[in-house]
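Hello,

Here is the structure for you to look over. My notes on it follow below.

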Amino acid sequence: MRWPAFLLLVLVVALQYPLWLGRGGWLRVWEIDKNLQEQHAHNQYLEQRNARLDAEVNDLKFGTDAIEERARYELGLVRPGEVFVQVPQKQKPPKETVPVLDRRGGAE
């Protein structure tokens, strides 16, 4: 009675191996599904970026506002008789450095 049970167990394991660990097994399917979801997220990000760039290109081609804005901020250009004031943002002060002491107790 032990041999048929053992043989049946070996047969079940032999049939389950390709299902879980084989080339088209569940573990591979889960891995591919995870990669597919990551690729979809990346593609969505790229589509949004492309839409922003397309809108900017259209604005540069057909509108003057974007051209004026770039001329003002990147090149510092102004219209005749116009005063353009740009307020710089505050920079963080540099961190104070602690002097490193050498073995004799003096600062390097």
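Helices α2 and α3 are roughly perpendicular to each other, a label for angles of 65 to 115 degrees (under 35 is roughly parallel, over 145 roughly antiparallel, the rest oblique). The axes of α2 (residues 26–62) and α3 (residues 65–75) cross at roughly 95° and come within 6 Å. Axes are lines fitted to C-alpha atoms, for helices over the stretch in contact, with angles from 0 to 180 degrees between N-to-C directions. Helices are DSSP runs (H or I, at least four residues), numbered from the N terminus.

From α2, E56, D59 and L60 meet A66, I67 and R70 of α3 (contact means heavy atoms within 4.5 Å). By class, that contact has three nonpolar, three charged and no polar residues. Ala, Val, Leu, Ile, Met, Phe, Trp, Tyr, Cys and Pro count as nonpolar; Asp, Glu, Lys and Arg as charged; the others, Gly among them, as polar.

This is a predicted model: local features need pLDDT of at least 70, side-chain atom pairs need 80 or more, and totals for chains, interfaces and linings use all residues. Numbering starts from 1 along each chain as its sequence is written, and side-chain values use heavy atoms, without hydrogens or water.

Now α1 and α2. Their axes are 4 Å apart, at an angle of about 10°. They are therefore roughly parallel. L19, W20 and L21 of α1 touch W26, L27 and W30 of α2. By class, this contact has six nonpolar residues, with no polar and no charged ones.

On salt bridges (a side-chain nitrogen of Lys or Arg within 4 Å of a carboxyl oxygen of Asp or Glu), the count is three.

Best wishes

Technical notes
Helix = DSSP H or I, 4+ residues; strand = E, 2+ residues; numbered from the N terminus.
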